[in-house]
Amino acid sequence: MHARDSLDPSRSMWHLIAVHLRRYREANGMSGQALGDALDCDRSTVSRYESATLRIKPSHAEAVDRLWNTGGMFTNLVGFAGLTDEGDWLLSLAEFERRASRIRMWEPTVVPGLLQTPDYTRAVLTAGPANGLDADLERRKARTSAVLDRETPPRLTAFLSWAALAQLIGSREIMRDQIAHLLALGELPHITLRVVENQAGAHPGLDGPITVLTVDERDLAYDEATTRGRFLMDPLAVQEVIVKYDSISDIAAPVGPSRLLLEAELERWA
């Protein structure tokens, strides 16, 4: 079995880079030797790049971007891979969020992380493994501040599940404060909140959370379906996630009725 056959781009940024490098080379009809000539390296180096046994140098990533006019994709991927611990997608997600001009979110069971109050976040995290709770809270606080407290914040749209609004997290007071926080966020001109009601029935979003980020005029997707999260950067794969997100939009209540639903939930938790 070739080393490239064991690549898992859903778990490693470097594997993702390797897969895309080979895909772009083949799509452009280039041999490994031809790409090596273009990068001023030998064919074996290209082979090692494509099997992720050697990490592509930043200068070669820049050269590939120029060669195939990718809009800086490989340069950006290498930069993010250098910032991210192997397999730690949360760090990558936070970095992309910080740079995003637009964020689209869906969560089927809880309030989306960026919209949570500190007490709600603590209650959610306490329900899981207790290791490093304070550190996790600080990371979430910094991640939220980096997005919502920017001088020019991103255009943010979030679909809220009726289940998240109805599920008691922590205490009634925590839920009341969380709903009040959502109502306050919904008044901001750059934030749109819509509720997916119970009667919407089964829909594709029940698979798991979705985040679509627009970074440097390029759409990226984070899809947490099945058992693990994964970043998607291939345009076709990202488009599939956007189609799923749009299908949730089709069944979500409009902004006005959604606000009325949130106000009703606020009264219920009083």
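This briefing covers cavities, pockets and salt bridges in one structure. The model is predicted. There are two cavities of 30 Å³ or more, and the salt bridges number 10.

**Second largest cavity**

- The second largest cavity holds about 50 Å³ of space.
- Its lining consists of Trp14, Ile17, Ala18, Tyr49, Ala52, Leu54, Arg55 and Ile56.
- Helix H1, residues 13–27, is the main contributor to the lining of this cavity, giving three residues.
- By class, the lining of the second largest cavity has seven nonpolar residues, one charged residue and no polar ones.
- Arg55 is the charged residue in that lining, because Arg counts as charged while Trp, Ile, Ala, Tyr and Leu count as nonpolar.

**Second largest pocket**

- The volume of the second largest pocket is about 340 Å³.
- This pocket is lined by 17 residues, and those closest to its centre are Gln116, Thr117, Pro118, Arg140 and Lys141.
- Two or more lining residues come from each of helix H7 (118–126) and helix H8 (133–148).
- H8 gives the most to the lining of the second largest pocket, namely eight residues.
- The lining of the second largest pocket divides into seven charged, seven polar and three nonpolar residues.

**Salt bridge Arg25–Glu50**

- Arg25 and Glu50 form a salt bridge through their side chains, with an N to O distance of 2.6 Å.
- Arg25 belongs to helix H1 and Glu50 to helix H3 (residues 43–50), so this pair ties together parts that lie 25 residues apart in sequence.
- Arg25 counts as buried because its relative accessibility is 11%, under the 20% limit.
- Glu50 also falls in the buried class, with a relative accessibility of 6%.

**Salt bridge Asp219–Arg104**

- The side chains of Asp219 and Arg104 meet in a salt bridge with an N to O distance of 3.4 Å.
- Asp219 is in strand S5 (residues 218–223) and Arg104 is in strand S1 (residues 102–107), so the pair connects parts that are 115 residues apart in sequence.
- Asp219 has a relative accessible area of 28%, which makes this residue partly exposed.
- Arg104 is buried, at a relative accessible area of 7%.

- Glu187 pairs with Arg259 in a salt bridge whose closest N and O atoms are 2.9 Å apart.
- Glu187 sits in the loop between helix H10 (172–186) and strand S3 (191–196), while Arg259 sits in helix H12 (residues 255–268); the pair links distant parts of the chain, 72 residues apart.
- Glu187 is exposed, at 58% relative accessibility.
- Arg259 is partly exposed, at 28% relative accessibility.

**Background on the pairing**

- Side chains of opposite charge can pair when their charged atoms come close.

Note on methods
Residues numbered from 1 in each chain as written. Predicted model: local features only at pLDDT ≥ 70, side-chain atom pairs only at ≥ 80, totals over all residues. Heavy atoms only, no water. 1 Å grid on protein atoms, 1.4 Å probe; cavity = no way out; pocket = protein on both sides within 12 Å on 5 of 7 lines; lining within 4 Å. Points joined across faces, edges and corners; volume = space filled by probe spheres on them. Helix = DSSP H or I, 4+ residues; strand = E, 2+ residues; numbered from the N terminus. Salt bridge = Lys/Arg side-chain N within 4 Å of Asp/Glu carboxyl O. Buried < 20%, exposed > 50% of the residue type's maximum accessible area, 1.4 Å probe, protein only.
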